[in-house]
Amino acid sequence: MSARSIGHSSPLSLSKSAATTCSSLLRELQETWDEIGECNTDRDKMLLQLEHECLDIYRRKVERSRKYKADLLQALAESEAEIAGLASALGEQISYPRFDNMKENLKQQISTISPTLDNLRLKKQERIKEIAEAEFQIARICAEISGDNQISDRDGIRVDELDLTINKLRGLESHLQELQCERNLRFQKVNGHISAIHDLAVVMSLDFKKIMAEIHPSFIDPAIGQSKSISNETLARLTNELNLLKKEKQQRLLKLQKLGSTLFELWNLMDTPVEEQQKFKPVTCLTAADVDEVFSQGCLSFDVIEQIEVEVERLNDLKASKMRELIFKRQSELEEINNAVHMDVDSEKARKILITLLESGNNDLSDLLSSMDDQVAKAKEQARSRKDILDKVEKWKHAADEESWLDEYERDENRYSAGRGVHKNLKRAEKARILVSKISSLVESLTAKVRAWELEKGMPFIYNKVPLLRTLEEFTVFRQEKEEEKRRSREQRKLQEQLATEQEALFGSKSAVKKPLAQSTYSNTMVATPNGRRLRIPSANLGISGGKDKRDSGKAGSVIPINYVALPKDDRCS
């Protein structure tokens with residue numbers, strides 16, 4: 001093969017400089033072969049080998065060009081497919097040139113659609129970023145609401161790149177806005193609860209920080225970048241704590257109002273000075289206050305309530321002491337009433353029972369005082385019902401006293417002797433006779449009234465521990481016996497005078513010496529009187545001697561009849 005054939009074997013035409021270089025190299029090769037003395041056969045083999053090597057180089061170049069073309073076509077297809085995928089993911093209609101009927105080469109086509117592809121990629125990244133941010137914020141708010149402390153970061157958000165439409169983004173943003181509104185409402189609710197709890201803690205002097213720390217630590221020492229907890233559990237705890245504090249405030253206020261009312265009652269009862277009451281004015285002014293009107297700091301604290309309780313206890317002790325005094329005063333008043341109307345009541349026993357009741361401590365002093373008041377009122381009522389009878393009893397007593405005095409007066413032989421006070425005694429005796437004449441009717445009237453009273457009350461009328469009717473009956477019997485004794489005494493006097501006259505006629509002017517009536521010997525029978533005294537009813541002795549005068553005269557003495565009775569002066573016994 002000649003050098004010319006080698007130079008024209010390539011299908012591609014060489015440039016002028018390349019052809020010149022190739023010819024120069026061939027001449028140099030021919031000269032080298034000539035110098036070596038290569039035969040034509042070896043020269044042809046070398047030239048054929050050289051030609052094959054040149055063809056291999058061309059072939060490899062063609063293969064690479066084909067592969068490059070295929071790569072460009074694949075890149076173009078991938079770009080178009082990516083554009084279609086991005087347009088679908090973004091939900092957008094993309095317009096870009098179609099190359100089916102165009103004459104542009106592959107590189108031109110790729111360069112034509114590259115801006116559209118880059119723009120779509122940029123939109124995709126921005127959309128992914130927006131969706132990721134929205135989903136992160138949603139996840140964060142949801143975690144705050146649910147109380148999940150493990151909040152994922154932005155890198156942990158996985159976005160579905162097949163759905164990057166604007167509708168999805170708007171849906172996420174709308175949901176985010178709803179959650180943000182919910183979050184803001186929760187923050188307002190949490191802050192409102194915290195403020196209310198703080199106000200209640202101030203009113204009741206409670207440890208606000210301790211209360212909030214028990215609900216959630218974020219209310220006291222929030223971590224960096226972490227806001228107050230707004231979870232459902234936290235809201236429930238806040239609501240529960242707020243309700244408990246409101247209930248506690250209500251209970252404390254009711255207790256304080258009750259203590260205040262008791263304090264007012266005790267003050268009025270004890271006549272406490274206004275200056276002393278002023279110390280408790282901040283508390284007593286809450287007596288009529290509504291629970292929502294109480295905001296003063298510490299006005300419902302345990303110390304304030306304890307202070308009021310101590311004061312109420314002190315006043316109650318003072319009240320108890322005074323009530324004991326009033327109870328004993330009522331007992332004394334009751335005893336005075338009973339004694340004044342002569343009612344049969346064992347005052348000493350009643351006082352012992354009262355002391356036992358007071359010392360036992362099992363009885364309410366107010367009830368006991370009320371009972372004593374009822375007893376006093378009942379005693380007064382009974383005293384009023386007895387008053388008419390007691391007035392008549394007093395008249396009866398006075399008449400009986402005057403009768404006793406009149407008996408003594410009439411037995412006095414010197415009553416008409418001139419002396420001091422005789423005129424007054426005569427007048428008193430005249431009045432006494434008038435009273436004595438009315439005793440029978442007075443006793444009858446009194447007996448009728450007592451019987452009517454006993455019939456109405458269903459109980460006997462006791463006077464000085466004795467039924468008054470029995471006393472009246474005894475008195476009536478006694479007066480009858482007394483009148484009978486007087487009658488018999490008068491008959492004996494007449495008989496004695498008659499005997500004395502007969503003796504004078506028989507034995508001359510000398511008369512027997514008579515013993516004075518006051519010196520007669522007799523026995524006494526006791527009978528009750530309205531004054532509580534026991535009257536003696538005299539009984540006659542069977543015989544009385546004439547004395548020394550009879551022995552001196554040697555004559556028969558005067559004989560005193562067996563039914564003679566001498567009336568002594570009346571002894572009075574209580």
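Predicted model: local features only at pLDDT ≥ 70, side-chain atom pairs only at ≥ 80, totals over all residues.

Biologist: What does the pLDDT average?

Modeller: The average is 77, and 81% of the residues score at least 70. pLDDT is the predictor's confidence in each residue, from 0 to 100.

Biologist: Where does the pLDDT stay under 50?

Modeller: Residues 532–574 are one such stretch, and the model has 101 contacts for them beyond four places in sequence. Contact means heavy atoms within 4.5 Å.

Biologist: OK, how many helices and strands?

Modeller: There are 16 helices and four strands. They are DSSP runs numbered from the N terminus: helices are H or I with at least four residues, strands E with at least two.

Biologist: And how many of the residues count as buried?

Modeller: 32% of the 574 residues. Buried means under 20% relative accessible area, exposed over 50%, partly exposed in between, with a 1.4 Å probe and protein chains only.

Biologist: Switching topic: how many salt bridges does a search of the whole structure find?

Modeller: The search finds 29. The cut-off is a side-chain nitrogen of Lys or Arg within 4 Å of a carboxyl oxygen of Asp or Glu.

Biologist: Which residue does glutamate 82 pair with?

Modeller: Arginine 121, with the closest N and O atoms 2.6 Å apart. Glutamate 82 sits in helix H3 (residues 40–90) and arginine 121 in helix H4 (residues 106–146), so the pair ties together parts 39 residues apart in sequence. Glutamate 82 is partly exposed at 27% relative accessibility, and arginine 121 is partly exposed at 37%.

Biologist: What about arginine 479, which partner does that have?

Modeller: Glutamate 403, with 3.0 Å between the closest N and O atoms. Arginine 479 is in helix H15 (residues 468–507) and glutamate 403 in helix H12 (residues 365–411), so this bridge ties together parts that are 76 residues apart in sequence.

Biologist: Is that arginine buried or exposed?

Modeller: Arginine 479 is buried, with a relative accessible area of 11%, and glutamate 403 also counts as buried, at 5%.

Biologist: Which residues do shared partners join into one network?

Modeller: Arg140, Glu144 and Arg183, through their salt bridges.

Definitions and conventions
Residues numbered from 1 in each chain as written. Heavy atoms only, no water.
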